[in-house]
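Here's a quick briefing to keep beside the model while you click around.

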Amino acid sequence: MANSTTAAPSLKARTGSGVALPWRWLGLAPFFLFALLFLILPTMRIVIGAFEAQGGGFTFQNILDLNTDSIRSAYWVSIELSVTTALLGGLIGFGMAWAIVFGNLPKRLRGPLMTFSGVASNFAGVPLAFAFIATFGPAGMIAVWLRTEYGINLRAYGINILSYWGLVATYLFFQIPLMILIITPALDGLKREWREAAEVLGATAWQYWRMVALPILFPALLGTFALLFANAFGAVATAYALTGPQLNIVPIKLFAQIRGDVLGNPNLGYALAFGMIVITGIANGVYIWLRTRSERWLK
Amino acid sequence: MKKFAAWAIFIFGVVYFVLPLIGMTEFSLKMRRGVYSFDAYFKVLADPQFQATFTYSIMLALATILIGVLIVVPTAYWVRLKVPEARPLVEFITLLPLVIPAIVIVFGYIRMYNTSSVLPLTGSAFGTDILLTMGYVTLALPYMYRSVDTGLRTIDVGTLTEAAQSLGAGWVTILGRVILPNVLVAVLSGAFLTFAIVIGEFTMAALLNRPAFGPYMQILGANRAYEPPALAVIAFAITWACMGLIQLVTRFAGHERAKA
């Protein structure tokens with residue numbers, strides 16, 4: 001930053017300072033044109049469509065029409081799924097990050113864990129669903145092993161990977177690593193002096209975590225939770241490949257709607273998509289706001 | 001006690017992560033009855049559909065990386081050098097693809113670029129390819145921009161530019177022969193991550209009806225038993241290779257810098 005500000009005046013002097021101001025922005029034209037054409041305008045098209053009547057003209061009817069049993073339950077299951085996987089993923093991910101930073105584990109475990117987290121957080125979608133079906137599915141490794149070795153039939157216990165909890169278990173495969181990747185630097189940022197100061201004042205380990213560390217980490221934790229939530233909420237491929245098109249969650253409903261207008265009303269599709277933007281928008285807004293707050297401490 | 005808890009959590013995590021990897025590998029080897037074999041892999045690799053979709057997705061990934069670099073590097077450079085006040089706006093836009101789900105973006109494409117629009121990109125196969133590539137550039141934008149911007153932070157953009165200018169270099173020369181080589185590690189990191197994202201992407205390709213690798217895997221998964229886990233192993237290997245290459249170029253660069 002400092003470099004560019006010191007260099008700027010001399011360059012500006014060469015090009016002539018007065019007219020340079022608006023022209024400088026012209027260098028960003030390709031970027032803004034790209035963003036406009038392939039990000040902003042398409043999104044605007046959806047937002048506008050959500051408030052458009054079928055014959056044209058402004059209406060709230062599409063948003064109101066979302067209030068059917070099927071769509072309400074799709075949003076509800078989606079939110080539930082996202083909250084559950086964000087909470088569990090956050091909790092387990094935090095546990096693993098804590099173990100690797102403060103748990104006195106061998107130092108050489110850390111590098112591989114971080115690399116693996118990078119891989120696993122990107123190993124989402126169709127192949128991930130295959131991996132879980134091959135392992136926990138009805139003909140998968142675990143089911144076959146339990147059946148042949150112990151005569152246990154998982155089906156009889158109602159355990160099925162092609163279900164809500166199966167989906168939760170699968171989503172955790174990319175949620176946990178994402179949590180590890182984001183929260184480990186935050187744990188590293190906890191200064192040893194804070195712990196020592198707390199100990200000198202007679203605090204127990206639990207008191208230190210409850211009254212010092214967790215309050216400092218709180219914005220980072222909540223912010224990461226919001227990010228994990230949005231991450232799960234927008235995911236299509238994993239759920240689609242795992243359970244097929246019939247699972248009633250919002251992204252899959254929207255997928256079916258785009259393919260074949262299953263709702264019988266194109267503008268209702270816009271409203272469905274608009275609802276998704278609103279929900280992920282709120283989640284990410286919370287994340288960005290909290291991250292700027294947490295960076296104040298963890299620098 | 002603390003150490004015990006740490007090990008317990010760590011081992012629980014390792015088991016959870018390793019089981020599906022073992023499961024998919026084991027299953028993919030079981031095609032021939034009674035013995036382990038690579039039959040499923042041979043079958044997949046010999047499938048003309050696999051070859052066609054895989055090649056298609058690789059081409060798309062390369063196009064995405066090329067266009068992404070052409071958009072991101074000059075923009076990040078220009079923001080640092082000339083328009084620092086545009087930084088919050090540009091950063092906000094590059095983060096938008098994390099906020100707006102891919103399925104919503106592609107929905108917008110389908111409605112905005114349909115055959116009755118001003119720019120009927122979805123009217124032809126080539127036009128749809130362009131649209132899909134642009135969609136992938138959008139998906140990669142947050143990672144690409146952050147990577148390149150971090151790379152630019154480590155070099156003295158202003159001085160390098162002035163030095164190049166005083167030697168008579170134009171903007172293209174400055175960007176291509178001065179800035180790009182200096183942020184090559186960051187660009188490559190972003191490129192490998194982009195490759196990992198694009199190669200198996202499902203939603204956009206399926207909804208734009210293009211014969212990419214992601215939709216191919218999904219269709220195979222709905223119809224076959226042993227080939228899908230073999231594909232999962234291949235996809236995992238590709239993801240792992242991309243992440244490994246990122247580490248490799250980063251470490252290599254650190255080594256070079258330490259020597260210099």
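Predicted model: local features only at pLDDT ≥ 70, side-chain atom pairs only at ≥ 80, totals over all residues.

**A helix pair in chain B**

Residues are numbered from 1 along each chain as its sequence is written, while chains are lettered from A and ligands numbered from 1 in the order in which they are written.

**More on the pair**
- Helix α3 (residues 48-81) of chain B packs on helix α9 (residues 184-199) of chain B at about 140°, with the axes 9 Å apart.
- Here helices are DSSP runs (H or I, at least four residues) and strands are E runs of at least two, numbered from the N terminus.
- Axes are lines fitted to C-alpha atoms over the stretch in contact, and angles run from 0 to 180 degrees between N-to-C directions.
- Residues of α3(B) that meet α9(B) include B:L60, B:I65 and B:V73, and on the α9(B) side B:V187 and B:F195 are among them.

**Chain A**
- Chain A has 14 helices and zero strands.
- Its C-alpha atoms fill a box of roughly 85 × 70 × 30 Å along the principal axes.

**Where the chains touch**
- In all, 64 residues of chain A contact 72 residues of chain B (C-beta atoms, placed from the backbone, within 7 Å).
- Helix α3 (residues 29-50) of chain A gives the largest share of chain A's side, 12 residues.

Note on methods:
Contact = placed C-beta atoms within 7 Å.
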